[in-house]
Amino acid sequence: MTLAPETTVPRDPQDRRLALRATGVLRTFNDADVLTAADVHVATRLGALGGEGQEQVLLAVALATRAVRLGSVCLDLATAEGSVPPPEGGALPWPDAEAWAEAVTASPLVAAGALRWEHDLLYLDRYWQQEVQVCADLVARRALAPPPVDVAVLDTGIGRVFPDHGYDEQRSAVRRAVLGWTTVLTGGPGTGKTTTVAGLLALLAEQAELTGGRPRVALAAPTGKAAARLQEAVRTEAARLPAADSARIAGLEASTLHRLLGSRRDNGTRFRHHRGNRLPHDVVVVDETSMVSLTMMARLLEAVRPDARLLLVGDPDQLASVDAGAVLADLVSGLAGDDGPVAALRTNHRSQAHIIALAEALQRGDADAALVELAAGSDEVLFLTDEDPTPALRVPVLDAALAIREAALAGDARAALDALDRHRLLCAHRDGPFGVRRWNRLVEEWITEATGDPLWDLWYPGRPVLVTANDYGLGVHNGDVGVTVVGPDGRLRVYVDGATGLLEFAPTRLDDVETMHAMTIHKAQGSQADEVTVLLPGEDSRLLTRELFYTAVTRARSTVRVVGTEESVRAATERRALRATGLRHRLQS
Ligand SMILES: Nc1ncnc2c1ncn2[C@@H]1O[C@H](COP(=O)(O)OP(=O)(O)OP(=O)(O)O)[C@@H](O)[C@H]1O
């Protein structure tokens with residue numbers, strides 16, 4: 001197995017600026033494009049404030065900042081050199097690992113608590129604090145006396161909500177979740193996670209009825225799209241329950257995690273609900289937990305009442321959060337054990353046998369099996385190996401764009417959004433031949449060729465957009481999708497599919513959006529489409545990892561078309577997107 005040295009979305013090109021005032025080894029690492037100007041700035045500033053001038057310590061601080069930027073929570077000095085590809089012009093002046101660790105541990109920055117050194121890992125204080133807090137809150141929740149439960153009523157209830165054969169995993173998962181305060185429910189797509197959530201909520205409501213109450217339930221997910229999906233899926237599954245159970249969970253609404261915690265305009269990482277002002281809910285369910293960063297998990301855990309049930313649902317094989325941390329994967333391995341809070345669903349109940357087989361081959365890291373599935377020629381899994389895939393992709397990709405456009409010209413926002421959900425073109429990169437920018441342009445050219453419309457304006461009927469920043473004033477969130485539609489007055493309107501329903505805007509009001517004929521796999525997390533086309537980059541792409549490929553494949557509901565080579569499939573299957581964190585270890589000790 002090889003490790004992906006750097007695994008995150010490509011950084012802002014502005015970050016490539018040189019740190020003009022940097023000198024010595026910081027300058028060398030900046031010139032080699034390992035450290036950004038911001039990494040260097042953090043290190044020199046911290047050094048100046050804390051009375052630390054040693055170059056090698058400042059290098060460690062800058063590399064710890066870089067590690068956070070790339071998704072890790074801390075830096076392992078012993079393996080730092082191996083995680084950075086050597087620049088073309090020659091080797092970098094890496095300090096001797098032992099002397100380096102000694103200099104760092106003796107630094108006044110460590111003594112002052114600006115840096116933390118634990119388990120041979122170097123943390124910036126803020127992330128150390130968050131990791132310690134997440135661990136402490138989880139441990140404290142586990143140390144509480146178990147919730148009061150009428151076990152006889154519970155067992156009868158489990159038989160009622162899951163009466164059929166084939167539900168053993170779900171029965172055992174809900175039993176565990178009713179009997180404990182904290183549960184981590186894991187499983188790939190179609191393994192029955194939502195069905196389990198619906199059954200669990202009905203059983204918790206039944207328990208509350210025994211004392212004359214009704215639990216206050218919060219359903220949340222990291223993005224608006226994922227929250228909308230969760231709400232819809234819970235309602236669908238609720239409808240399948242016996243009438244009394246269905247009524248117990250009727251009308252539940254989901255929101256984004258930010259909204260649940262009470263986002264504040266003045267602070268992006270602090271919320272209205274916290275340890276001093278807890279959430280009122282008795283049950284908090286978070287879906288798509290793989291997308292939750294360490295910072296968000298820290299905020300969530302401090303806001304949830306200790307005597308509220310917390311259910312964290314997700315697929316730990318997917319890409320981790322965009323921000324630092326790999327919390328779900330850490331919880332799964334850190335809390336593993338027969339009487340631990342992790343309940344795993346493994347059996348897939350959907351009928352897409354070939355997509356499932358491909359996803360499972362990726363989970364196992366079995367490139368041969370993945371290639372067999374890709375070559376099998378099923379209707380579900382297509383493999384396009386043409387050197388220039390554009391002619392073959394033109395038909396399905398243009399068809400999808402024209403379907404959105406047709407609905408948009410007819411003024412039908414819902415139909416345009418539904419058309420958008422039928423196909424997704426996913427890229428690993430933003431730039432380059434396999435990047436989002438190029439493919440967005442290409443699709444627009446194809447639309448022009450097909451319709452004669454030159455698409456001179458930024459906004460045009462059928463332009464699908466992805467929201468790229470939270471705007472609490474407008475009520476839109478990073479990751480929400482929208483379509484541009486001709487309104488009844490002939491003017492263009494944008495309809496965004498938010499967590500609370502369709503929101504309508506004049507195009508000029510939406511600043512932070514990008515065209516979404518193609519999107520990155522990172523941004524596609526938390527959503528699915530009927531048909532997915534995945535453009536794999538060349539095998540030496542830094543972003544190409546098993547988690548990336550698995551996330552892309554599992555976005556497809558009925559068909560996935562993989563565009564790439566045998567080499568890129570092998571590289572994607574064999575390379576892991578591992579992040580340095582200490583949470584797993586901390587939870588085990
Ligand atoms: N034990 C089971 N036996 C048969 N069918 C099941 C079982 N559990 C769930 N299903 C059905 O399988 C489908 C997938 O279930 P569900 O939506 O709960 O999975 P999920 O893990 O939430 O999927 P996703 O993450 O893709 O949304 C649903 O149609 C559901 O009704």
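**Strand pairing, overall size and ligand shell**

Colleague: In S16, which residue is the bridge partner of Thr484?

Modeller: This is a predicted model, in which local features need pLDDT of at least 70 and side-chain atom pairs count only at pLDDT 80 or more, while totals for chains, interfaces and linings use all residues. Residues are numbered from 1 along each chain as its sequence is written. Strand S15 (residues 481-486) and strand S16 (residues 492-498) pair in the antiparallel sense over five bridges, where strands are DSSP E runs of at least two residues, numbered from the N terminus, and pairing requires at least two DSSP bridges. Within S16, the bridge partner of Thr484 is Val494.

Colleague: Which are the edge strands of the sheet?

Modeller: The sheet is open and antiparallel, with its five strands in the order S17-S16-S15-S14-S18. Pairing on one side only, the edge strands are S17 (501-505) and S18 (513-515).

Colleague: Which helix gives the most to the shell around the ligand?

Modeller: Of the 15 residues around the ligand (C-beta atom, placed from the backbone, within 6 Å), Pro189, Gly192, Lys193, Thr194 and His349 come nearest. Helices (DSSP H or I runs of at least four residues) H10 (193-209) and H11 (224-239) each supply at least two shell residues. With three residues, the helix that gives the most is H10.
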